[in-house]
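Trainee: I'd like to learn how to read a cavity in a model. Where do we begin?

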Amino acid sequence: MKSHRLLYVVAVALLLSCKPTVPAGILQPDEMEDVLYDYHIAEAMAKNEYGSDVDMKRNAYFQSVLKKHQISEADFDSSLVYYYSRLDKLIDIYNHVNERLGNEASRVGAAVGEISHYSQYGSSGDTANIWSTPTDLMLIPYAPDNRFSFVLKADTTFRMGDSFMFQFVTETIWQAGSHSAVVCLTARYDNDSITQHYSTVSTSGITQIRVPSNKKSMLKDLRGFIYLANDASSDVRRLMFVSQIQLIRFRDKEIEKTLSDEKADSVKTDSVQRAVNARGGVVDSTSRPVGRGLRSKSAPFKKGGTKN
């Protein structure tokens, strides 16, 4: 019995010794979560500041966060760079941060955003969320992790006249360099025509980009990307966490009604044709010759009965 217990203790010790740990001087995941949560609360407060000294006030908010958690700017930057090489951990941390930010927004009575409005839709129907890949990702200023690309091929559920909206929520950290990322959506149609739609992301919040209805051609595929410029001046403290990605497809009501009417007319015509074919050319019983039991529609009515 003692030998079995000893083996169990040794196994647990080996398991714990193999578990990856965060190096000294780097914020632990739960500590990093708390700092990032307060950082984004401070950023939201800074958005309400106006005047020429807005950058100074934004930095003052940031310094107050560092003071609250008793860390230096170098501690925060080195921790961020550490998690750059462990994006799965950073995404997990930001998922928790986003949940807390959402709970705080609900607590203070913030209105439900358009992202939440479309969360009720499934992958089918007149209005549908057709996004099927992971909805959360992290972009950092190092290739290849500074670009996210996707291709969505049209299938039998797509209709002529469909329009689309690509949308997502971002939480950003900017230290220097270009304060924006580029979002692009390209639609390719069966006549090889192409439309491209661009937008930029420069602050945290909801981003939307739309592809209008094309009533003359069928969609072949949608291609898109989100690109965070690899700016050499911003190697530290610069990232974009993208979450709640949705690609909403909208039906064109006029085209749907036209197709529905055409289908109804086709069904009606087909039903009449089947009825005619089923009768096999039988003459209408109301047109049988006189003397066979029924009067013809065209035969005159004779009074006085039949002459012998």
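Mentor: With the rule. On a 1 Å grid over the protein atoms alone, a cavity is a set of points where a 1.4 Å probe fits but cannot get out, and lining residues have an atom within 4 Å of a point. Grid points are joined across faces, edges and corners, and the volume is the space filled by probe spheres set on the points. This is a predicted model, where local features need pLDDT of at least 70, side-chain atom pairs count only at pLDDT 80 or more, and totals for chains, interfaces and linings use all residues. Residues are numbered from 1 along each chain as its sequence is written, and side-chain values use heavy atoms, without hydrogens and water.

Trainee: How many cavities of 30 Å³ or more does the rule give?

Mentor: The count is 1, and the largest cavity has a volume of about 50 Å³.

Trainee: Which residues line the largest cavity?

Mentor: Its lining consists of Arg159, Met160, Gly161, Asp162, Phe164, Tyr189, Asn214, Ser217, Met218 and Leu219. By class, 5 are nonpolar, 3 polar and 2 charged.

Trainee: Is Phe250 buried or exposed?

Mentor: Buried means under 20% relative accessible area, with a 1.4 Å probe and protein chains only. Phe250 counts as buried because its relative accessibility is 16%. Across the chain, 33% of the 308 residues are buried.

Key
Buried < 20%, exposed > 50% of the residue type's maximum accessible area, 1.4 Å probe, protein only. 1 Å grid on protein atoms, 1.4 Å probe; cavity = no way out; pocket = protein on both sides within 12 Å on 5 of 7 lines; lining within 4 Å. Nonpolar A, V, L, I, M, F, W, Y, C, P; charged D, E, K, R; others polar.
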